[in-house]
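Please look through the sequence and the structure shown here. This report then takes up a few of the features in turn.

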Amino acid sequence: MSYSKCLLGGVLACGITHAAVTPLDVAKCNMQVDPAKYKGLVSGLRTIIAEEGAIGVWKGVTPTFIGYSLQGAFKYGLYEIFKDQYSTMAGEENAKKYKGLIWCLGSASAEFFADIALCPLEMVKVKVQTSPAGTWPTSFLPAVAKMSAQSAETRFPFGSIVPLWSRQIPYTVAKFYFFEKASDPDDHNPVVQLFYTHVFTAPKETYSKGTQLGITFASGYSAGVICAIVSHPADSLVSQLSKASNKGKSIGQITSDVGLWNLCTKGLGTRVLMIGTLTGLQWWIYDTFKSSMGLGTTGGK
């Protein structure tokens with residue numbers, strides 16, 4: 001597969017899936033920023049709809065789609081480039097021996113640059129989603145213009161880059177490691193394999209493609225839950241940085257003010273649902289593409 005196809009695949013897998021779960025993202029961000037008002041997913045969504053109408057739960061969908069399309073393009077496209085470069089540098093024998101490390105280094109390197117592309121759009125998205133109704137433009141271009149004009153307060157465009165790296169790099173390393181394990185002929189994906197070993201115990205080929213893709217989604221969802229828990233504190237910091245009351249505060253001071261426990265837990269349930277769904281959908285898109293190319297689905301015997 002050429003690098004350009006990986007780039008386009010990243011746009012498809014990341015841009016569409018993140019845009020599709022915008023209502024969950026809106027609820028999650030507001031629960032992180034104002035937990036006293038937005039106490040849970042359902043009640044939070046009801047509050048937003050009551051104050052802003054049904055359109056309110058789709059705030060930030062444009063910067064979400066653009067930002068994560070760019071991130072996905074760099075993530076998938078650069079990953080293949082870095083992986084090939086690191087394999088060449090290691091030599092054939094070491095590349096095979098330490099392939100897991102090469103996957104991790106390649107995905108971390110790709111995500112480093114992908115987040116630079118994502119950061120300005122992510123900051124716009126979070127500001128639009130968490131600002132009280134009527135206090136910030138919800139349309140994309142006016143929101144960007146105001147973010148830029150008030151950059152001293154908003155820290156636009158790269159004020160959230162460090163917590164964004166802290167959130168995204170561990171998540172991406174885990175995701176690509178599992179992806180590569182899935183396509184490695186010597187070592188099946190451990191999450192998918194778990195389902196085929198303990199739940200769907202018949203030979204994989206006896207199940208329909210629909211069932212196999214369902215197992216792929218469930219496996220991706222399970223992996224996404226773990227990724228969500230690990231990366232949630234950094235995600236909470238990204239949301240906190242959008243608050244006007246945190247203007248001029250360092251990350252350490254915000255952490256102290258909010259409390260580490262709150263950073264780890266506020267909005268976690270909604271984010272688990274969101275990231276689990278995202279990861280499951282991305283794996284499903286990935287395996288659907290493989291299946292359409294006659295490559296078969298992930299895992300099994």
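The sections below describe a loop residue, the nonpolar cores and the cysteines of a predicted model.

## A residue in a loop

V57 lies in the loop that joins α3 (41–52) to α4 (61–90).

When neighbours within four places in sequence are set aside, the contacts of V57 are T22, P23, V26, L45, I48 and I49. The C-alpha atoms of V57 and G44 lie 9.8 Å apart, with a separation of 13 residues in sequence.

## The nonpolar cores

The largest nonpolar core consists of twelve residues: Y68, L118, C119, M123, V124, V128, W136, A143, M147, F156, I161 and L164. Two or more of its residues come from each of α6 (99–130), α7 (140–149) and α9 (161–183). The largest share, five residues, is supplied by α6.

Beyond residues up to four places away in sequence, L118 touches G67, Y68, Q71, L164 and R167. Another core, of ten residues, lies apart from the largest one and includes Y171, C227, A228 and L268.

## The cysteines

How many disulfides does the model contain? The count is zero. A disulfide is a covalent bond between the sulfur atoms of two cysteines.

Is C29 buried or exposed? With a relative accessible area of 0%, C29 is buried. C104 has a relative accessible area of 25%, so C104 is partly exposed.

Terms used
Residues numbered from 1 in each chain as written. Predicted model: local features only at pLDDT ≥ 70, side-chain atom pairs only at ≥ 80, totals over all residues. Heavy atoms only, no water. Helix = DSSP H or I, 4+ residues; strand = E, 2+ residues; numbered from the N terminus. Contact = heavy atoms within 4.5 Å. Core = buried A, V, L, I, M, F, W, Y, C linked by side-chain atoms within 4.5 Å. Buried < 20%, exposed > 50% of the residue type's maximum accessible area, 1.4 Å probe, protein only. Disulfide = S-S within 2.5 Å.
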